[in-house]
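Please keep the sequence and the model in view while reading.

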Amino acid sequence: MMLEIALELEGRTMFETLDQIFVTLKHQAVAFFPDVWQPLVSALISIAFIPLVFATLFAVVTIFERKGIGRIQNRYGPNRVGIPLTKIRLCGFGQFIPDGLKMLTKEDIVPRAADKVVHFLAPVVLLVPVLLAYAVLPMGRNMTAVDLDAGVLFFFAVGGAVELSVFMAGWSSHNKYSLLGAMRAIAQMISYEIPLILSAVTVIMIVGSLKTVDIVAAQNHYLFGLAHWFVFTPWGLAGFILFFISSLAESNRTPFDLPEAESEIIAGYFTEYSGFKFALFFLGEYLGMFAVSGLGITLFLGGWTAPFSFLTWVPSYVWFFAKLLALVFTFIWIRGTLPRLRMDQLMNFAWKFMLPMSLVNIIAAGAWHFLGAGWLRWAFCSALIFGSYAILGWGLMQNQKLGKRTYRFAD
Amino acid sequence: MSPVFVIIAFVTLLAAAAAMSLRNLVHCALSLVVALAGLAALYLQLDAQFVGFAQILVYVGAVAILIVFAVLLTRSDATPNQAILAPGWIVGILVSAVVFAMLGWAALNSPGLPREMPPTPEATVKNIGDLLMTRYVLPLEVIGLLLTAALIGAVIIAMKEETPKSCSSRRESAPSEKLERTDPALRDGYEAEKGDGV
């Protein structure tokens with residue numbers, strides 16, 4: 001085993017070594033242990049990597065988000081706290097340390113009327129499936145924790161448990177706002193799960209595999225220096241946009257943040273949570289956002305592959321995390337830009353627009369597969385998608401009776 | 001029997017028993033979810049990835065939510081005060097044990113049962129997909145048709161009963177109706193604002 005690794009390292013260039021550095025380090029760490037323990041140690045290292053990296057990312061992204069929203073809203077974000085006990089400020093990026101300590105040391109209040117067991121279990125049930133979902137994401141070349149035969153299905157299956165935890169939190173709190181938030185959350189998640197899965201189906205149809213590693217490999221070739229990502233095809237572009245909107249809704253982000261709308265229902269389903277349990281909900285929400293973005297990257301944005309062939313020397317994990325941060329930035333940008341939807345707008349959008357469009361997109365992907373290479377499939381798929389988009393949009397706007405906006409009190 | 005199987009089976013059975021015997025209906029539903037997830041774990045332990053994940057996706061993700069919603073929308077707040085077990089539960093257990101023994105005896109002695117273990121089939125997702133699209137395409141289509149019919153039926157039941165006349169009148173008189181609809185809300189908002197100011 002060791003010899004093989006050493007031999008592998010011999011023939012590599014510097015960039016390849018850098019690309020595989022975490023894999024090599026893991027192999028070397030595992031080799032210290034006796035043979036019997038090696039599978040267990042290998043699994044433990046792969047598992048430990050996920051919470052470690054993504055919890056750190058969560059901490060940084062919360063500050064990133066507060067500063068970004070601050071910038072959009074023309075105010076300062078957090079800009080005081082740096083490294084504790086020193087005068088280094090780091091533009092406020094040390095804020096997450098006192099925030100985390102505060103969450104850990106706060107009193108944990110459980111309402112007297114609450115269902116104690118379910119109230120306690122809900123944050124746990126939220127976090128476990130979210131962390132499980134990371135197991136199938138390829139975060140770099142040879143960097144997939146578990147390469148399951150039905151990887152994409154696994155991702156969606158564990159995602160289903162999130163709805164249950166939301167219900168548990170909302171119901172066990174015995175608070176009308178919590179229950180309202182849970183009802184809204186479940187209705188929203190179920191509605192948007194369908195376009196989420198259906199838009200992912202197109203990629204599975206084209207690749208012919210549910211393995212995340214295979215899906216990335218299918219996008220890892222270049223034409224005239226440009227990567228063969230699925231987002232660069234008509235059905236892939238439509239699929240990615242549908243997937244992205246659904247993932248916004250699945251992670252309860254603005255404009256789909258009705259379940260925790262502060263101005264209406266306090267904090268929705270986690271109104272009655274305090275201290276570290278509240279932090280767990282917060283963490284679960286962000287980790288869910290990262291996970292679904294990671295799946296979007298894997299399906300449509302080429303996973304860990306470089307966009308241009310002359311950039312393939314950059315290590316694969318750098319690409320994955322760069323794309324992840326870019327998507328998260330888009331999430332924050334949208335949060336700072338769009339207002340919250342109304343419940344009927346939310347439902348109408350899901351069932352009257354997202355669902356038909358994702359079904360049309362499946363037909364387009366099928367046509368793409370059977371028409372063979374050439375300009376014909378580009379023309380046909382583009383015409384199908386844009387035609388149905390135009391017809392659907394026109395039809396839905398007909399019923400809206402939208403006139404010129406008049407201001408009653410602002411004039 | 002591997003220890004993994006024993007643990008999963010124990011948890012599943014315990015959760016199923018809890019689902020039948022707990023007083024609070026939502027607790028019962030949640031225990032049922034644990035039992036269903038245990039079944040999925042059993043499938044996974046048999047290396048049937050697709051069935052296992054589909055079980056989680058369908059039962060934990062969808063059916064459980066449906067049950068919980070149904071409980072929430074229909075139940076009265078009070079949990080039952082009388083005993084969970086009916087008076088004749090001993091007789092019930094006896095009858096079910098006898099029925100189970102008879103069914104088991106019949107199954108074990110039936111000539112249709114293969115004597116040896118058949119070779120483990122290759123149940124990859126691809127194989128399942130191929131079979132669903134070739135050999136079992138007709139049952140699949142029938143199920144699809146049935147589910148679509150059920151879906152349309154559910155929508156029709158859930159739809160508000162509206163006479164065609166009111167439908168058409170709404171379409172004609174939409175602008176004025178829109179004004180009526182938006183007016184009170186705006187007025188309320190305005191009044192609330194004034195109230196705050198005072």
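**The contact between the chains**

In this predicted model, the contact draws on 20 residues of chain A and 20 residues of chain B. On the side of chain A that touches chain B, two or more residues are given by each of helix 7 (151–172) and helix 8 (176–207) of chain A. Helix 7 of chain A provides the largest share of this side, namely ten residues. Sorted by class, the side of chain A that touches chain B comprises 15 nonpolar residues, one polar residue and four charged residues.

**The domains of chain A**

Attention now passes to the division of a single chain. Chain A consists of domain 1 (2–32), domain 2 (50–104) and domain 3 (106–340). Taken over C-alpha atoms, the centres of domain 1 and domain 3 of chain A are separated by 32 Å.

These two domains also touch: six residues of domain 1 of chain A are in contact with seven residues of domain 3 of chain A. On the domain 1 side of this contact, at least two residues each are supplied by helix 2 (14–19) and helix 3 (21–31) of chain A. Helix 2 of chain A gives the most to that side, with three residues. By class, the side of domain 1 of chain A that touches domain 3 of chain A holds four nonpolar residues, one polar residue and one charged residue.

Notes: Residues numbered from 1 in each chain as written. Chains lettered and ligands numbered in written order. Predicted model: local features only at pLDDT ≥ 70, side-chain atom pairs only at ≥ 80, totals over all residues. Helix = DSSP H or I, 4+ residues; strand = E, 2+ residues; numbered from the N terminus. Nonpolar A, V, L, I, M, F, W, Y, C, P; charged D, E, K, R; others polar. Domains from an automatic or database assignment.
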